[in-house]
Amino acid sequence: MTSATKRSRNPLGGRNVPGGLAGWLWLAVIVLPVYYIVVTSLRPREDYFTENPLSLPSAPTLDAYGRVLENDFARYFLNSVLVTAGSVVVTLAVSLMAAYVVVRSRTRFAGNLLRLVLLGIAIPIQAAIIPVYYLIVELGLYDTLLAIALPSIAFAIPITVLILVNFLRDVPGELFESMRLDGAGEWRMLGSLVLPLCRPALVAVAVYDALQVWNGFLFPLILTQSEETRVLPLSLWTFEGEFTADVPAVLAAVVLSVIPVLAAYAVARRHLVSGLTAGFGK
Amino acid sequence: MAAPALILFGLFAGLPLLGVVALSFTSWDGLGTPSWTGLDNWRAAVTDPVTRDAVWLTVKLTLFCFLFQAPVSLLLGVFMAGRQRYRALLSVLYFLPLLFSSAGVALSFQALVDPNFGAGTALGVPALAQDWLGDPDLALYCVVFVIGWSFIPFHSLLYQAGVRQIPQSLYEAARIDGAGTWVQFRRITLPQLKYTMVTSSTLLIVGSLTYFDLIFVLTGGGPADATRVLPLDMYLTGFRSHDMGKASVIAIVLAAVGLTAALGLNRLSGASRMESQTEGA
């Protein structure tokens, strides 16, 4: 409805009553839980049981955050950073090379490669988790950070390759030809042509991959067990068991785990949005 | 140059998909060595009432998720596509749920809907202070709502992008012909969003069939198996009851249903677009 007027020259023209109603209602649905999480995390443990849950805390305190930080939160945070950074770097590197092959070589192999990649996107992680567990145990990697990173990379490759392929297709072939005439090898083409050209797509897909790994739960749940290898999402779940009846601390942990993502969102909102819809958004 | 990607993908995603088929014919407790048992697991899984219930629950969950998320996402997406400043601001806030991990969302809602100390008690309305997650009749709806809370933002982003790609000239022509906003929505916006709808629906359905993290932390499949959908049934069977063989059967069903839904919807939409792009490369 409004779509008609929204981009017309008259900015006041867009009357979309059901959309507007849904829009403001949905705002309440989104904001209320977020508000609840924040105010509860600032509430003293005793007041949680007595104060109105939606009121502002009468004696706001950061104690809950203190209890979370004392509980080895820094280690889980570091683990998450390591796994996410490692997975994203490797995923981007190998996917960029594969995408280059798919786009540049016209062999049947390249076509089949792309088809395999497309099929890979539809594989649910749950379907493969039991053999992945078997494999990780057999490789002696159980309960290491590598155990989380390797399958995370494998499952990120298909969508990453697809997005990069779609992007690389639009690069004019003449660019490659002229570089080849200058005597550039495959690696130089990759380094000094493909890499700089692909930067916007790489940033978007890196953000997407990072969010997936950062928030990933199933691989850490099944492939690790000790505190040394615990990552953030899993730590939230175990906090719940450790902090029985300390809801402010649990929610403080939730807030702490979101802060890095929120910071990324504030700095690079555009990239995050395009990263999330990349590959699906067309 | 494609070798590293192929090896990593093959070893940790491709090979396991074949492996799960092999494991479904074995008996394995997750620790020892798998031993061949033929079709035993398949027979056990097909006749297991818990698994049958899980299949039915999964269908129900998928249906409810679709009925909730698809219309709201469409409505919000069209709304968000507007260029008004306040809509841009609202869109920034709508995005918030996408930043949370499923575990974080689940824990927050657990506290939020707590019958004794949750938000339901704040307003003094007894109907809101029910034991949402503890009542087998209510838990599934609660799960559907929380899933919607986390995923509607993503789908509305897809619709927003879709609406913004509709050529403005279509609307101008319609207005010259005297079409009102409702007619424009019916005759232009909806048909033009066909591909977006297919993409969003596919992701929605495949997603609903495979939600695990959120339900696992929110309810653990309970109360009394009231939210034990297939992915949870697989996890509990394999990693709690140590029956990896039977869990593998459930995993195969999951993979098959997911792949079929994805392929079927792709065909429906004529989304061979992907192929034709390949030809043109």
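These legends go with several close-up views of a predicted model.

Residues count from 1 along each chain as its sequence is written, while chain letters start at A and ligand numbers at 1, in the order in which they are written. In this predicted model, local features need pLDDT of at least 70, side-chain atom pairs count only at pLDDT 80 or more, and totals for chains, interfaces and linings use all residues; side-chain values use heavy atoms, leaving out hydrogens and water.

**View 1. Here is chain B as a whole, with 13 helices and two strands.** Helices (H or I, at least four residues) and strands (E, at least two) are DSSP runs, numbered from the N terminus. The C-alpha trace of chain B spans about 75 × 65 × 35 Å along its principal axes. Of the 281 residues in chain B, 53% are buried (under 20% relative accessible area; exposed is over 50% and partly exposed lies in between, with a 1.4 Å probe and protein chains only). Take the contacts in chain B (heavy atoms within 4.5 Å) between residues at least 6 apart in sequence: 66% of them join residues at least 24 apart.

View 2. Chain B has a mean pLDDT of 85, with 94% of its residues at 70 or more. Helix α13 (residues 273-280) of chain B has the lowest confidence in the chain, a mean of 37, while helix α10 (residues 213-218) has the highest, at 93. Over residues 270-281 of chain B, pLDDT stays under 50, and the model has 13 contacts beyond four places in sequence for them.

**View 3. Look inside at the largest nonpolar core, with 161 residues.** Such a core is a set of buried Ala, Val, Leu, Ile, Met, Phe, Trp, Tyr and Cys residues joined through side-chain atoms within 4.5 Å. Residues with the most contacts inside it include A:Val68, A:Ile130, B:Leu61 and B:Phe95. Helix α3 (residues 63-104) of chain A gives the largest share, 17 residues. Domain 1 (17-61) and domain 2 (71-277) of chain A both contribute, so this core lies between them; the domain bounds come from an automatic or database assignment. Another core, of seven residues, lies apart from it and has B:Leu74 and B:Tyr159 among its members.

**View 4. Zoom in on B:Thr58, in helix α3 (residues 49-80) of chain B.** Is B:Thr58 buried or exposed? With a relative accessible area of 2%, B:Thr58 is buried. Its side chain reaches the backbone nitrogen of B:Leu230 at 3.0 Å. Not counting residues up to four places away in sequence, B:Thr58 touches B:Leu209, B:Val229 and B:Leu230. B:Leu61 also touches B:Val229, and its other contacts beyond four places in sequence include B:Leu140 and B:Tyr211.

View 5. B:Ser241 sits in the loop between α11 (230-240) and α12 (244-268) of chain B, and counts as exposed because its relative accessibility is 52%. Just after α11(B), B:His242 takes a positive phi of about 55°.

Key
pLDDT is the predictor's confidence in each residue, from 0 to 100. A polar contact is a pair of N or O atoms within 3.5 Å; within protein, one must be able to donate a hydrogen and the other to accept it, and residues adjacent in sequence count only if both atoms are side-chain atoms.
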